[in-house]
Amino acid sequence: MALLTTGKGFVRALEKSGALGVYAPLEGGFEGRYQRRLRTNGYDSLSLSARGLGDVGAYLMGIHGVRPPHLGKKNIGQDAAVGPIYFVPPIAAYQLESLSPKSKGLVLWILEGYILSKAELEYLVTLPQQEPRIKVVVELGGERYFRWEPLEKRIEAA
């Protein structure tokens, strides 16, 4: 187990491919080290869970509607019986607007990425091509040591 890693290979691989699939030991700790390496190399990091993302493209880059749980209560007025829709700004696009000028970009670190479908993973591969300031890291499962591979290789293998 390498306690001191520079993370240079990880950062270079992320800059080259734009999207990485990561396998980390289940006891944890490695993710934080690599996120710290990204921050020291000039990237801002945003951690998200893949559970509950819904439409990944709309959640990250487009304005999307959200209905809070209605908790058994119904509206009598003109609204739908399930409650009002609240429109939420896109998470990644909003973070990009607030980046400092010195920042190299934004890294989306997505936890529990093994539940994402192939189409959602393909979108995450194309996202850095659409917006070059965004890089994507998806945790795809557990491993005995921390390893990564380009996300598009993972999609081709599936």
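Phe-146 is buried (under 20% relative accessible area, with exposed set at over 50% and partly exposed in between, for a 1.4 Å probe and protein chains only), because its relative accessibility is 9%. The model is predicted, so local features were taken at pLDDT of at least 70 and side-chain atom pairs at pLDDT 80 or more, whereas totals for chains, interfaces and linings use all residues. Residues are numbered from 1 along each chain as its sequence is written, and side-chain values rest on heavy atoms, with hydrogens and water left out.

Aromatic contacts were examined next. A pair of aromatic rings is described by the distance of the centres and the angle of the planes. Rings of Phe, Tyr and Trp (its six-membered ring) were paired if their centres lie within 6.5 Å; planes under 30 degrees apart were classed as stacked, over 60 as edge-to-face and the rest as tilted. The count by this rule is 8 aromatic pairs. One of them joins Phe-30 to Phe-146 in a stacked arrangement, with 6.3 Å from centre to centre and 20 degrees between the planes. This pair links distant parts of the chain, 116 residues apart: Phe-30 belongs to helix H2 (residues 30-40), and Phe-146 to the loop between strand S6 (134-142) and strand S7 (147-150). Helices (H or I, at least four residues) and strands (E, at least two) are DSSP runs numbered from the N terminus. Phe-30 is also buried, at 10% relative accessibility. Ring pairs connect Phe-30 and Phe-146 with Phe-10, Tyr-34, Trp-109 and Trp-148 in a cluster.

The charged end of Arg-33 sits over Phe-30, 5.0 Å from the ring centre. Arg-147 lies over the face of Tyr-23, 4.1 Å from the centre of that ring.

Arg-147 also takes part in a salt bridge with Glu-143, at 3.1 Å from N to O. Arg-147 is partly exposed at 26%, and Glu-143 is partly exposed at 27%. Salt bridges (a side-chain nitrogen of Lys or Arg within 4 Å of a carboxyl oxygen of Asp or Glu) number 4 in the structure. Another is formed by Glu-15 and Lys-104, at 3.6 Å from N to O. Glu-15 lies in helix H1 (residues 8-17) and Lys-104 in the loop between helix H4 (91-97) and strand S5 (105-111), so this bridge ties together parts 89 residues apart in sequence. Glu-15 is partly exposed at 33% relative accessibility, as is Lys-104 at 45%.

Conventions: Lys NZ or Arg CZ within 6 Å of the ring centre and 35° of its normal.
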